[in-house]
Amino acid sequence: MANEHFKSDAVKEKTADTTTPKDNHLDALIISIGQFGTYQIINYVMLCLPIICNAFYSISYVFTASDVVHRCNISQCDNLNSRYIEPWVNFTIPENNGEWNACEHYAATSHTDGHCDTHYFNKSYQNSCEAGYKFRDTENTISTEFDIFCSDRWKLSMVGTVNNIGQFVGIPLGGYLADRYGRKLILVVMGVLSAVCGLARSFAPDYYSFLSFEFLDMAVGSTLFPTAFLLAIELVGPKHRVVAAMVISLTYGLAEAAMGYLASYILDWRVLLRVLYTPAILHLIFICYLPESVRWLLSQSREEDAIDTLRKVAHMNQRSLPKDQLNELIRTHRELLSHSEATDGHYSVRQISKALGLRIAQCCFLWFTNTLIALGLTLNSIGLSGNKFQNFSMTGFMQLPGIILGTLLMHRFGRRWTLSLFLSSCSILLLAMAFLEGDYPTLSWALYFLAKMTSTGSFMVLYFFTSEIFPTSCRNSLLSFCSMIGRFGSMLAPQTPLLIYHYKYAPHLLFAIFGLLSAVIAMFFPETANKVLPTTLEEARALDRSMPMKHPKVSEVSKTAV
């Protein structure tokens, strides 16, 4: 049923736009040798590795640096065998909003003589936990191991902030390197370095060494997802590009959900890190088996390498490589680059900002909003009623229908309208949740995860949209730059729970305001549905019909976007 849907839409793509696969020589060649055959499937399976790794590493701090449920150890009552819940807790620990105070206990009178009775505790005075703590669960995080409680809790939230600072540094750096030196090389190097940093962090002797490796890990490993995503998109033909992006994104959501269940069984943060990071060493197999992007090779004028890769694709897919189409591809590609303003296949920052400055600014704001909402909803899910591991996994599972729905809608109605619809729907659901939570807690809980679903759909469309509106030679760099600006949103997200102390639904209102504003801004993007990927700045500008191409002669050649 789904395949028939995509087939019917593929026919519409051919008739909806004058730029057909016949005009686009590389896409036409990929169609001839197999758009999504055995070769692409094998490579997609390999690309699941960096996707899964990035899903683990970008959010693992939720469990490694999480606070644990605890109360004060009452020296007059507790012993080595006592538990978190004991009868004397009712008269020794103050209660706040239906929960026991984690950092204070009632002061004992000076003449208790070791007696544990309500008469020996003065409820008018409270003391800090000078005798240590009692824990509800057996979970071991850096909080319990490095003695981070109460007034030091800021250190736990700082881990999430440092994680996103690492992404802020690593994503644009990795994007630049991937555009300069190739997608394959960056996946191998960054994947292995990330494994080294993560395993080193599992042996951290203190908090600050843990924090240092958290930053280094994200500085080298945060580029895994955007690089793998672009390589996957550039690997297939136009007919299957949307489905290919959906498969990659579904893998990410499943990996995040799986980590929640994995963390519920592996309650020691050191062991959890070793289990999560050891598979990243497998990135070394990419040296022998993962191909470089043909589009990137052509953008760097490495025509022989591109031809060699196309021959391998044709052989594995059991297709023949048409020589006439191959010769036409090389000819038109050389002609296209000769009209391009890029120097040695690369544009200057001034050229890019002059041609696409407004589009980049819009894109950055939407990335900020999406990361703020998406990560904010994930982090706040742990504070919902119920099991925190299951709630976290639910946010991962809710990404799956969001991804599928986003794929179907943007394939059917275009990128712009779908992106705006998801952002506005997420905002409305959050406002409804805040309004209904008091009288309908179960319905409110459901609305929360529906909001997570729509935020994921928005992110899915935005990621795909960003990979389509920029030219090949700087696509990864600009995608990474927009994602880098989005890190400001993810840096802010861990702090949003603090707003609850001022107003219970303040985070929901914040997310809703940004979501509605971004829904409006999304409508000012050019529509990219049924369009080939642009190769040059001129083609990228031409996506917006209000911007004429600078070189009229290139208009015919531009149909051969690489």
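## Exercises on a predicted model

Gln 318 counts as exposed, at 74% relative accessibility. Keep in mind as you work that this is a predicted model.

**Exercise 1.** Find where Gln 318 sits in the chain and decide whether it is buried or exposed.

*Solution.* Start with the location: Gln 318 is in the loop that runs between helix H15 (303–316) and helix H16 (323–339). Next, compare its accessibility with the cut-off: exposed means over 50% relative accessible area. Gln 318 has 74%, so it counts as exposed. Finally, look at the backbone: the phi of Gln 318 is positive, about 60°, although this residue is not a glycine.

**Exercise 2.** Work out how the disulfides are paired along the chain.

*Solution.* Let's begin with a reminder. A disulfide is a covalent bond between the sulfur atoms of two cysteines. Now go through the three disulfides of this structure.

- Step 1: Cys 72 is joined to Cys 129, with an S to S distance of 1.7 Å. Cys 72 lies in strand E1 (residues 70–72), and Cys 129 lies 57 residues away in the loop between strand E5 (121–128) and strand E6 (133–135). Both Cys 72 and Cys 129 are buried.
- Step 2: Cys 77 and Cys 116 are bonded, with their sulfur atoms 2.0 Å apart. This link is right-handed, with 100° about the S-S bond. Cys 77 is buried at 9% relative accessible area, whereas Cys 116 is partly exposed at 31%.
- Step 3: Cys 103 and Cys 150 are bonded, with their sulfur atoms 2.1 Å apart. The link of Cys 103 and Cys 150 is left-handed, with -105° about the S-S bond. Cys 150 also has a positive phi of about 50°, although it is not a glycine.
- Step 4: Count the bonded cysteines along the chain, and the pattern reads 1-5, 2-4, 3-6.

**Exercise 3.** Describe the largest cavity and what surrounds it.

*Solution.* Here is the idea behind the search. Rolling a probe the size of a water molecule over the atoms shows where empty space is left. The structure holds three cavities of 30 Å³ or more, and the largest cavity contains about 590 Å³ of space. Its lining has 28 residues, and those closest to the centre are Tyr 252, Glu 256, Ala 374, Phe 459 and Arg 487. Sorting the lining by type gives 13 nonpolar, 12 polar and three charged residues. Among the helices that each supply at least two lining residues are helix H17 (349–381) and helix H21 (441–466).

**Exercise 4.** Describe the surroundings of Asn 370.

*Solution.* First place the residue: Asn 370 lies in helix H17. Asn 370 is buried, with a relative accessible area of 2%. Then list its contacts, leaving aside neighbours within four places in sequence: Leu 423, Ser 455, Ser 458, Phe 459 and Leu 462. Leu 423 is 53 residues away along the chain, yet the C-alpha atoms of Asn 370 and Leu 423 are separated by 8.5 Å. Last, follow the side chain of Asn 370, which reaches the backbone oxygen of Leu 366 at 2.7 Å.

**Exercise 5.** Explain why helix H2 (25–33) is described as largely enclosed.

*Solution.* Buried means under 20% relative accessible area. Seven of the nine residues of H2 are buried, so the rest of the structure largely encloses this helix. The buried residues include His 25, Asp 27 and Ile 33. Just after H2, Gly 34 takes a positive phi of about 115°.

Note on methods. Residues are numbered from 1 along each chain as its sequence is written. This is a predicted model: local features need pLDDT of at least 70, side-chain atom pairs count only at pLDDT 80 or more; totals for chains, interfaces and linings use all residues. Side-chain values use heavy atoms; hydrogens and water are left out. Helices (H or I, at least four residues) and strands (E, at least two) are DSSP runs, numbered from the N terminus. Buried means under 20% relative accessible area, exposed over 50%, partly exposed in between (1.4 Å probe, protein chains only). On a 1 Å grid over the protein atoms alone, a cavity is a set of points where a 1.4 Å probe fits but cannot get out, and a pocket is an open set with protein on both sides within 12 Å along at least five of seven lines; lining residues have an atom within 4 Å of a point. Grid points are joined across faces, edges and corners, and a volume is the space filled by probe spheres set on the points. Ala, Val, Leu, Ile, Met, Phe, Trp, Tyr, Cys and Pro count as nonpolar, Asp, Glu, Lys and Arg as charged, and the others, Gly among them, as polar. Contact means heavy atoms within 4.5 Å. A polar contact is a pair of N or O atoms within 3.5 Å; within protein, one must be able to donate a hydrogen and the other to accept it, and residues adjacent in sequence count only if both atoms are side-chain atoms. A disulfide is a pair of cysteine sulfur atoms within 2.5 Å.
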